[in-house]
Amino acid sequence: MKSLPLAAAFSVILLACAPQGPVPTPSPETNDALGVVARRYVSLVLGVGQHDEGYVDAYYGPPEWQTAAAARRVPLDQLAAEAAALQALVAAVDVSGAEEMVRLRKEYLHKQLGAVGTRIAMLRGTRFTFDEESKALYDAVSPRMSESDRRAILDSLSAAVPGSAPLAERLEAFRRQFIIPPERVDAVFRAAIAEAKRRTAARMTLPPLEAFALEFVKDKPWSGYNWYKGNAQSLIQINTDLPIFIDRAIDVGAHEAYPGHHLYNALLEQRLVRDRGWVEFSVYPLFSPQSLIAEGSANYGVEVAFPFAERMEFEKRVLFPLAGL
C-alpha cells in the first residue's frame with residue numbers, strides 16, 4: 001500500500017521529543033513553496049468544517065484562522081476549486097533534492113488534499129462505491145476475505161466457546177462475564193492508563209508537559225474517544241451508556257493514551273508543528289489518510305506496550321481484582 005512509507009516515516013517522529021515552545025505562525029511571503037500550500041490547506045480544511053460537523057477532529061493552530069473560516073463560510077464549489085488548485089501547486093513543487101521528510105511532506109499534502117476534494121464532492125452529492133470511497137478518503141482498500149476464510153474463523157470460535165446455542169448468543173453470554181461494574185470503571189481505567197504510560201516512558205522520552213483529562217460521558221455514538229487539544233494536552237472520554245468490558249481498559253490506556261493517540265499527537269505537534277513549522281499538522285480532518293496512520297499506529301501501540309502474555313498477566317494480577325472479577 002503506497003501510504004506505508006509515509007506512516008513508517010512518521011513513526012520515526014515518536015522516537016524523540018524536545019521542550020515545548022510557541023506554535024509558529026508561518027508567513028506565506030517567507031515560507032517555502034510547500035509552506036504556502038500548507039497555510040492554504042489549513043484554511044481549506046477549516047472551511048470544509050463549516051459545512052460538515054465533526055470533520056475537523058482537532059485544531060490547535062492560530063485561533064484567528066478558525067475565526068476567519070467561521071466568518072466567511074466559503075461555498076462548497078469554491079472550496080472544491082481551491083482543493084484542486086492546491087493539488088496542482090503541490091504537484092509542481094520540485095523536492096527531488098530535498099531530505100526524505102520534505103519529500104514525504106509533499107506526498108502527505110498531495111494525499112490529504114485529494115481526500116479533502118473527495119469529501120467536498122460527497123457533500124455536494126457525489127456517491128462512491130465502498131472501495132472507491134475508502135481509497136479516495138483514506139488511501140486504502142479493505143483486504144478481501146473469502147467465505148471460506150470467514151467460515152474458518154467462525155468454526156474456530158464455535159469450538160472455543162462452550163454451549164450449543166447459536167454462536168452469537170454464546171459469545172455474548174461469555175463476554176458478559178467480563179463487564180466492569182460501573183462503580184469500578186474509573187479505578188480500572190486509571191490503573192491501565194498508568195501502566196501504559198509507565199511502559200511507554202521506559203522506552204522513550206515523553207514531552208515534559210504532556211497530560212490528559214479522563215471523563216466518563218453518555219449519549220455518544222462511540223465507546224471511547226481522544227480529543228487532542230494542543231500543547232500536549234488531550235481529553236479522553238469513555239461512553240458509559242455501553243457495557244464496558246475489562247479488555248477495553250488496556251485498549252483505551254494504550255490506544256487512546258500511551259503510546260497511541262495522545263502521545264502520537266503530542267509528538268507530531270512537537271516535531272513537525274513546533275520544530276519544523278509545518279502548520280498543516282495543526283489541523284486534523286477526520287476523513288483523510290491521516291486517520292489511517294493515526295488509527296493504525298494506535299492499534300499497533302496496544303501490542304507494543306502490552307505483548308499478549310504480559311497483557312494477560314497484568315489484567316489477571318491488577319485489573320481483574322480492581323474490577324471485582
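## R105 and its surroundings

Setting aside neighbours within four places in sequence, R105 is in contact with D32, L34, G35, A38, W278 and E280. Contact here means heavy atoms within 4.5 Å. R105 sits in helix α5. Helices (H or I, at least four residues) and strands (E, at least two) are DSSP runs, numbered from the N terminus.

Is R105 buried or exposed? R105 counts as buried, because its relative accessibility is 3%. The cut-offs are under 20% relative accessible area for buried, over 50% for exposed, and in between for partly exposed (1.4 Å probe, protein chains only). A136 lies 31 residues from R105 along the chain, and their C-alpha atoms are separated by 19 Å.

Residues are numbered from 1 along each chain as its sequence is written, and side-chain values use heavy atoms, with hydrogens and water left out.

The protein chain averages a pLDDT of 89. That score is the predictor's confidence in each residue, from 0 to 100. At least 70 is reached by 90% of the residues. Residues 1–31 stand apart in this report: their pLDDT stays under 50. The model has 64 contacts beyond four places in sequence for this stretch. Where pLDDT is low, the predicted coordinates should not be read in detail.

Two packed helices are described by the angle between their axes and the distance between the axes. Axes are lines fitted to C-alpha atoms, for helices over the stretch in contact, and angles run from 0 to 180 degrees between N-to-C directions.

Helix α5 covers residues 100–123, and helix α6 covers residues 130–138. Their axes are 7 Å apart, and the helices pack at an angle of about 135°. Therefore α5 and α6 are oblique to each other. Angles under 35 degrees count as roughly parallel, over 145 as roughly antiparallel, 65 to 115 as roughly perpendicular, and the rest as oblique.

Which residues meet? From α5 come G114, A115, T118, R119 and M122. From α6 come E133, A136 and L137. By class, this contact has four nonpolar, two polar and two charged residues. Ala, Val, Leu, Ile, Met, Phe, Trp, Tyr, Cys and Pro count as nonpolar, Asp, Glu, Lys and Arg as charged, and the others, Gly among them, as polar.

## Helices α9 and α13

Helix α9 (residues 185–201) and helix α13 (residues 308–323) have axes that come within 9 Å and cross at roughly 150°. That angle makes α9 roughly antiparallel to α13. The crossing of α9 and α13 is right-handed. A crossing is left-handed if the near helix is turned anticlockwise from the far one by less than a right angle, and right-handed if clockwise.

On the α9 side, the contact is made by A187, V188, A191, A192, E195 and R199. On the α13 side, E310, F314, L319, L322 and A323 take part. The contact of α9 with α13 has eight nonpolar, no polar and three charged residues.

G230 is in strand β3. At 3% relative accessibility, G230 counts as buried. Beyond four places in sequence, G230 is in contact with Y60 and E269. K218 is twelve residues from G230 in sequence and 24 Å away in space, C-alpha to C-alpha.

The loop between β3 (224–230) and β4 (233–239) holds N231. A232 is in the loop between β3 and β4 too. N231 has a positive phi of about 55°, although it is not a glycine. A232 is not a glycine either, and its phi is positive at about 60°. A232 is buried, with a relative accessible area of 0%.

T240 lies in the loop between β4 and α10. T240 is partly exposed, at 30% relative accessibility. Not counting residues up to four places away in sequence, T240 touches F216, V217 and K218.

Where is P259 found? P259 is in the loop between α10 (247–257) and α11 (261–274). A cis peptide bond joins Y258 and P259, with omega about 0°.

H262 is placed in helix α11. H262 is buried, with a relative accessible area of 0%. Beyond four places in sequence, the contacts of H262 include E210, F212, N226, Y228, A232 and E256.

Methods: Predicted model: local features only at pLDDT ≥ 70, side-chain atom pairs only at ≥ 80, totals over all residues.
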